[in-house]
Amino acid sequence: MEQDARDGRGAVQQGLPPAERRLRDQRAGRRGDGFFPGGWLPAAERIAQHRLMRETAEAAGRDPDALDYTRWGSLEVDPAGVEAYAAQGVDRLVLGLPAAGLDDQRRLLDEFGRRHGLRAS
């Protein structure tokens with residue numbers, strides 16, 4: 001079953017069947033400022049969702065390149081994994097952090113940043 005996802009209006013959609021996911025993807029293209037689908041789906045379906053959002057945006061006279069594509073990521077993802085996300089058109093990864101203290105969370109994010117050549121802001 002699909003995890004919670006937010007549609008183009010920011011409304012939480014839970015466990016959507018495929019037809020309703022398609023409508024959500026179209027709403028994201030017509031009205032949203034980005035796309036952050038949830039759930040564990042096969043790569044081909046995930047690619048089709050992103051393509052539909054972009055096609056719908058273009059059909060509505062919107063610039064599909066102006067829409068963000070966000071996915072869940074992991075602190076363990078390596079640079080090749082990040083490149084694989086980028087090749088799919090992903091602009092942003094949201095990382096889940098363990099329920100550790102703030103110092104531990106900062107350390108984990110610093111390690112992630114170093115591994116990926118990011119600099120602290």
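This is a predicted model: local features need pLDDT of at least 70, side-chain atom pairs count only at pLDDT 80 or more; totals for chains, interfaces and linings use all residues.
View 1. Asp 104 pairs up with Arg 107 in a salt bridge, and their closest N and O atoms sit 4.0 Å apart. Arg 107 counts as partly exposed, with 40% relative accessibility. Glu 111 joins in too: Asp 104, Arg 107 and Glu 111 make up a salt-bridge network.

**View 2. The salt bridge between Asp 65 and Arg 54.** Here the closest N and O atoms are 2.8 Å apart. Asp 65 is in the loop between H2 and E4 while Arg 54 is in helix H2, so this pair ties together parts 11 residues apart in sequence. Asp 65 is exposed, at 61% relative accessibility, whereas Arg 54 is partly exposed at 28%. Across the whole structure, a search turns up four salt bridges.

**View 3. Strand E4 linked to strand E5 through Asp 68 and Arg 92.** The two side chains meet in a salt bridge, 3.2 Å from N to O. Asp 68 sits in E4 and Arg 92 in E5, 24 residues apart, so we're looking at a link between distant parts of the chain. Both ends are partly exposed: Asp 68 at 28% relative accessibility, Arg 92 at 40%.

**View 4. The largest nonpolar core.** It's a set of 12 residues, including Phe 35, Met 53, Leu 67, Val 77, Tyr 85 and Phe 112. Helices H2 (43–59) and H4 (102–115) are the elements that give two or more residues to it. Skip the neighbours within four places in sequence, and Tyr 85 touches Arg 71, Trp 72, Gly 73, Val 77, Val 90 and Leu 93.

**View 5. The largest pocket, with a volume of about 300 Å³.** Of its 16 lining residues, Gly 39, Trp 40, Arg 46, Arg 71 and Tyr 85 are the closest to the centre. H2 and strand E4 (68–73) are the elements that give the lining two or more residues. By class, the lining has eight nonpolar, six polar and two charged residues.

**View 6. The second largest pocket, at about 210 Å³.** Tyr 85 turns up in this lining as well, along with residues including Val 90, Arg 92 and Phe 112. Helix H3 (79–87) and strand E5 (92–95) each supply at least two lining residues, with H3 giving the largest share, four. The class count is eight nonpolar, one polar and three charged.

Conventions
Residues are numbered from 1 along each chain as its sequence is written. Side-chain values use heavy atoms; hydrogens and water are left out. A nonpolar core is a set of buried Ala, Val, Leu, Ile, Met, Phe, Trp, Tyr and Cys residues joined through side-chain atoms within 4.5 Å. Buried means under 20% relative accessible area, exposed over 50%, partly exposed in between (1.4 Å probe, protein chains only). Contact means heavy atoms within 4.5 Å. On a 1 Å grid over the protein atoms alone, a cavity is a set of points where a 1.4 Å probe fits but cannot get out, and a pocket is an open set with protein on both sides within 12 Å along at least five of seven lines; lining residues have an atom within 4 Å of a point. Grid points are joined across faces, edges and corners, and a volume is the space filled by probe spheres set on the points. Ala, Val, Leu, Ile, Met, Phe, Trp, Tyr, Cys and Pro count as nonpolar, Asp, Glu, Lys and Arg as charged, and the others, Gly among them, as polar.
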